[in-house]
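Hello,

Here is the structure I promised to pass on. Please open it first, then read my notes below.

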Amino acid sequence: MPERARKIRVSCVVNGGAASFEAYPMARLLDVLREELKLTGTKEGCGEGECGACSIEMDGALVNSCLVPALQAQGTKIRTIEGLAIGGSLHAVQQAFLTHGGAQCGICTPGMILAAANLLARYPQPDDAQIREGLSGNLCRCTGYMKIFESVVAAVRRAETRA
Amino acid sequence: METRVIGKSVPRKEGRKKVTGRARYVDDLSFPGMLHGVTVRSPAARGRIRAIRFEGEIPWHEFTVVTAKDIPGKNCIALLIEDQPCLAAEFVNHPEEAIVLLAHHDKYLLEEARRAVRIEIEPLPAIFSIEDSRARKEIIWGQDNIFKSFCVDKGDVDGAWASAAFVVEGRYETGAQEQLYIEPQGMIAQVSEAEGVTVWGSLQCPHYVHKALMVLFGLPRERIRVVQTETGGGFGGKEEYPSMIAAHAALLARKSGRPVKIIYDRAEDMVATTKRHPSRTRHVTALSRDGRLLAMDIDFTVDGGAYETLSPVVLSRGTIHAAGPYACPNVRIRSRAVATNAPPHGAFRGFGAPQSVFALERHLDRVAEAVGIAPDELRRRNFIREGQTLAVGQVVKEKVDMNGLMERAFALSGYHAKRKKFAAANSDPRGAIKKGIGFASFLHGAGFTGSGEEYLASEVAMEAMADGTVHILAGSTEMGQGTNTIFAQIAAEALRLDCEQIKIIQPDTAYVANSGPTVASRTAMIVGKLVETAGLGLLKSLTDGEFLQPGYTAADFSRACGEYVAKHGPLKTFVKYEHPRDLHWDDLKYSGDAYGAYAWAVYVAEVSVDIRTAEVRVNDFVAVQEVGKVINPVLAAGQIEGGVAQGIGFALYENVVWQEGRMVNAQMTNYVMPTSVDLPAIRVYFEEIPYGRGPAGAKGLGELPLDGTAPAIANAIAQATGVDVRQIPITAETLLEMLEGVHA
């Protein structure tokens with residue numbers, strides 16, 4: 001049997017709580033999240049960084065967790081879809097996706113919602129081009145994106161009325 | 001008609017689970033002691049299996065290994081017929097055909113093991129094109145390589161040529177298209193003496209899987225159970241293929257005595273599972289001097305791949321839609337599905353119609369040019385009207401106004417003004433950006449074809465619980481298109497309740513009624529009607545027994561259910577489909593009422609083409625359709641927008657590259673689907689003419705948008721560039737070559 005790398009211990013903050021796990025250094029963060037931490041909201045669509053279904057936030061940046069080795073998670077702050085709603089109350093983007101038809105089959109939805117939330121954190125008032133560009137790393141086969149754009153716009157409006 | 005919830009955009013029933021990441025797809029499930037399974041596939045397109053060797057430094061004794069010898073029943077995936085093996089035993093007929101299955105708890109080691117299995121195949125000559133198949137270069141299936149053929153004859157085509165002022169000929173091609181649901185295919189199986197065979201997975205048609213497993217295991221109905229997990233898109237791709245994966249997982253589970261999970265990675269999913277059938281169409285059309293259709297002679301061929309699977313039915317729908325929404329006195333259609341040594345092509349939204357509609361709608365623009373009238377004028381002179389007869393002999397009894405749809409689509413898109421403006425601007429040779437606007441007019445039949453619904457005889461069950469919750473028990477699946485939500489709306493409307501009081505039971509063959517496959521734009525119209533009837537039936541039980549009075553509240557309803565159940569026991573109703581007596585179909589002559597109802601549509605696409613780079617951009621897209629009563633406007637528009645996006649991919653980007661029957665660009669990196677920056681605003685409009693036999697007047701709409709999108713774009717590109725587009729996808733590479741011919 002071929003020689004294998006040894007597992008290492010990785011500590012990080014996931015959805016606001018301390019997390020620690022053992023993993024091969026080059027294990028995909030996607031697998032660690034899903035299998036070790038049981039956070040199955042992060043999905044695998046392609047395994048090569050094209051579809052964005054595995055998008056998570058790492059230290060505030062949107063990354064494809066299928067391309068991130070586990071060792072790189074050491075000391076970082078990670079947010080997955082499970083960390084978006086606070087208590088029982090949905091994030092504005094989640095609520096907008098629900099109301100405006102932004103989710104159909106739902107498999108791209110966790111990554112898409114994180115991408116949208118990340119976009120709004122960078123551009124609170126995005127224009128059409130910024131929305132399209134900001135979501136271009138997340139593929140959706142169901143919606144044709146129109147209702148996703150509408151959802152993002154609705155989330156912005158909701159944030160405005162609250163402010 | 002005053003409605004309570006029909007016509008309202010109530011939020012998606014399972015939406016909250018989906019936006020919070022709590023929806024459980026098959027790969028999110030894990031069972032104690034579960035093993036992972038993988039498939040070892042044929043390296044060759046056609047040949048005889050000589051040897052299977054287990055090599056490498058792999059602890060093979062730890063592995064569960066399954067070959068065809070381990071199949072307890074028939075070695076086939078039973079569908080229409082039983083020609084496709086579950087595991088190839090002696091011969092392989094396409095690349096990536098499954099031969100050996102492996103299971104182990106460590107999925108990393110499993111992948112190494114898969115690569116260490118050597119399969120030796122003595123090659124046999126193979127065929128990879130429709131042309132070679134029709135020429136019978138090799139006979140690879142049956143006596144003549146033909147899975148199915150159809151003849152449609154209306155009037156006398158040969159008698160029409162002599163009196164024609166114009167005869168226009170054309171040949172058209174469409175390529176394979178990958179469904180590309182974002183959730184790859186997957187299944188978990190468990191097999192035990194006590195419980196029989198149980199599978200959980202991503203699938204559209206639980207009862208198809210159920211039937212396939214009964215035959216494979218030689219077990220009676222009640223020993224097989226199929227449960228649908230949350231399904232991340234299907235588009236036809238999870239209609240027939242899930243039976244294969246379920247069979248594989250179940251064989252490994254049986255032999256290992258443990259639960260086994262098989263999840264395809266993207267490359268395996270793309271290289272091994274079904275795609276849209278490639279097609280070739282030839283039109284010869286006769287017209288009078290004033291542009292009236294005198295005869296349509298249509299020859300339509302689809303490539304079915306190595307086994308029959310659903311090719312006969314795909315061919316059927318493609319054939320029936322080949323002559324479009326036009327009144328033509330003489331029509332001849334000859335069609336066939338042929339075998340090649342590629343993995344079987346299969347169901348994909350539109351199911352044969354997008355192929356034949358592309359050919360027709362592109363052809364008619366060329367016909368108009370030959371006749372010397374505008375493309376819309378040609379359609380206007382030939383649109384079918386109420387009381388006229390379609391190619392297959394169906395008299396249109398619906399109210400249909402194709403011209404009205406076309407005018408509305410033109411007004412919304414500014415078609416006439418743009419057509420004129422672009423023509424003028426394009427004639428300036430200094431401009432590198434050429435613009436065009438084009439359209440397609442089309443119809444799509446809802447439900448199974450001909451006598452299909454009669455044979456299916458779908459059933460729905462509904463039960464009112466003692467607390468007033470109403471359960472819908474049907475095999476119809478949610479895969480993103482909205483089944484759960486519209487069923488809840490239809491039931492709530494019938495029962496005068498709110499949607500929250502309706503519960504959709506997870507499709508599980510042990511509990512739900514067989515409402516037929518979730519395909520063919522049939523769920524809202526056909527199964528939805530059964531849901532409506534069941535709701536009215538429950539209500540009647542409550543009112544007849546005087547448990548409930550008119551003008552009741554939700555609380556009254558709940559109390560009445562409690563009282564009914566206490567007095568009589570379970571309040572449950574079963575409804576079975578009854579075929580309308582005035583719909584007749586002749587399977588032998590292939591004529592009659594092909595569908596209970598059609599959706600009608602006109603789509604307009606506006607494009608710009610950079611003739612230096614051959615880059616095409618779709619700048620605007622208007623989709624106008626008549627689909628009966630719209631049950632949920634947000635969901636319905638979402639269906640059309642998503643379908644148009646897939647149609648834009650079909651037209652411009654999605655190019656399956658074949659090498660000896662194998663897809664060689666089986667990655668999302670080099671098989672390109674539209675992203676959020678590639679698409680125009682997709683503007684969707686509905687005309688609503690209630691259909692008497694649909695629930696609250698609804699017809700089917702799911703497949704419709706795939707039919708007209710590609711030809712509208714092709715016609716727009718033709719206006720922009722002067723290129724006579726004959727095939728899709730129109731990639732930059734192919735367009736550049738054609739532009740050199742025009743602008744040289």
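Six salt bridges cross the interface of chain A and chain B. Please keep in mind that this is a predicted model. One of the salt bridges joins the side chains of Arg34(A) and Asp28(B), at 2.8 Å from N to O. Polar contacts link 30 residue pairs between chain A and chain B, with both residues at pLDDT 80 or more.

Which parts of chain A supply the side that touches chain B? Helices 1 (29-36), 2 (92-100), 3 (109-122), 4 (128-134) and 5 (146-162) each give at least two residues. Helix 2 of chain A gives the most, with four residues. By class, this side of chain A has 21 nonpolar, 13 polar and 13 charged residues.

Now the extent of the interface. In contact are 47 residues of chain A and 57 residues of chain B. The two chains bury about 4200 Å² between them, and 54% of that is on carbon and sulfur atoms. On the chain A side, Leu98(A), Gln104(A) and Arg141(A) lose the most area to chain B, together 19% of what that side buries.

Next, chain B itself. Its domains are domain 1 (15-23 + 452-576), domain 2 (31-124 + 180-272) and domain 3 (279-449 + 589-743). The C-alpha centres of domains 1 and 2 of chain B are 34 Å apart. Each of these two domains puts 19 residues into their contact. Together they bury about 1500 Å². Three salt bridges cross between them. Lys17(B) also forms a salt bridge with Glu230(B), with the closest N and O atoms 3.7 Å apart.

Best wishes

How values were computed:
Residues numbered from 1 in each chain as written. Chains lettered and ligands numbered in written order. Predicted model: local features only at pLDDT ≥ 70, side-chain atom pairs only at ≥ 80, totals over all residues. Heavy atoms only, no water. Contact = heavy atoms within 4.5 Å. Buried area = accessible area lost by both parts, 1.4 Å probe. Salt bridge = Lys/Arg side-chain N within 4 Å of Asp/Glu carboxyl O. Polar contact = N/O pair within 3.5 Å; in protein donor to acceptor, adjacent residues only side chain to side chain. Nonpolar A, V, L, I, M, F, W, Y, C, P; charged D, E, K, R; others polar. Domains from an automatic or database assignment.
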